[in-house]
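Please consider the structure shown below, with attention to the charged side chains and the ways in which they pair.

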Amino acid sequence: MTRPLRIVAVSGGLQRPSRAATLAEHLLGLIGEDVLCEQHLIELGELAPQLAGALWRSQLPDSVERQLVAVEQADVLVVATPVYRGSYTGLFKHFFDFIHQDALVDTPILLAATGGSERHALVIDHQLRPLFSFFQARTLPLGVYATDRDFADGRVHNEALIQRARLAVQRALPLLALSHRAAPAIAETAAIL
C-alpha cells in the first residue's frame, strides 16, 4: 500500500482571515476529495515575526525550520499569495529564499493568487512560474486567480472560480499520481545503486 501524498500549502497572506489562505484551503479540499493525502497549511503571516529579520537559515527558530522542511519534503505544493504591487509579497519570496535550491526539483506545484481586480491575474505566469522554474519544480498547467469579490463569509463563493479551481485540480491529478508512483521507484533505484 502506498503512503498518502504529503501536500503542503503555503499562503503568503499577511493577515487573518486571509483570502490567499482561504483559496489554498479550498484547493487542498478539492485535492483531498480525489487523493489520499496528508495536508498541511503554512500561513506566512503567522511566521512573519520570526522570519522577517533572518538573513541566514541558521538564524531561524525551530518553528520556522520545521515549516521549511515540510515544504522541502512535500510531494505536492499548493502556493497562494496575495498580489502586492504587481507581484507576490516580499515575505512570500523571503520564505522561499530559505528553501534549498534542489529541494523542489520535479515537485508538482499548483499556483494560486488573489488580488483586488483582474488586472493582476498575470502574476501567476509572470511572477510565480519563473520563481518555481528556478527550483526546477513542475508548475501545474492551470493556475487559479481570485479577486476580492470571489469570496463571501470567509469562503470561496463565486461559481466560476469554483469551477476553475476544480478544473485545475482535475488536470493536475494525473501528474500527481505519476509523481507519487515515481517517487518510491526512484528511491528503490537509488538504494540499489
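Which residues are linked with Asp75 in a network of salt bridges? In this predicted model, the network of salt bridges consists of Arg3, Arg6 and Asp75. Side chains of opposite charge can pair when their charged atoms come close.

Asp75 counts as buried because its relative accessible area is 11%, and buried means under 20%. Arg6, by contrast, is partly exposed, with a relative accessible area of 31%.

A further salt bridge joins Arg19 and Asp148, whose closest N and O atoms are 3.0 Å apart. This pair also links distant parts of the chain, since Arg19 is in helix H1 (residues 19-34) and Asp148 is in the loop between strand S6 (144-147) and strand S7 (151-152), 129 residues apart. Arg19 is partly exposed, at a relative accessible area of 41%, and Asp148 is partly exposed as well, at 35%.

Helix H3 itself contributes Glu72 to a salt bridge with Arg57, in which the closest N and O atoms are 2.6 Å apart. Arg57 is in the loop between helix H2 (44-51) and H3, and the two residues are 15 residues apart. The relative accessible area of Arg57 is 22%, and the residue is partly exposed. In total, the count comes to 11 salt bridges.

Definitions and conventions. Residues numbered from 1 in each chain as written. Predicted model: local features only at pLDDT ≥ 70, side-chain atom pairs only at ≥ 80, totals over all residues. Heavy atoms only, no water. Salt bridge = Lys/Arg side-chain N within 4 Å of Asp/Glu carboxyl O. Buried < 20%, exposed > 50% of the residue type's maximum accessible area, 1.4 Å probe, protein only. Helix = DSSP H or I, 4+ residues; strand = E, 2+ residues; numbered from the N terminus.
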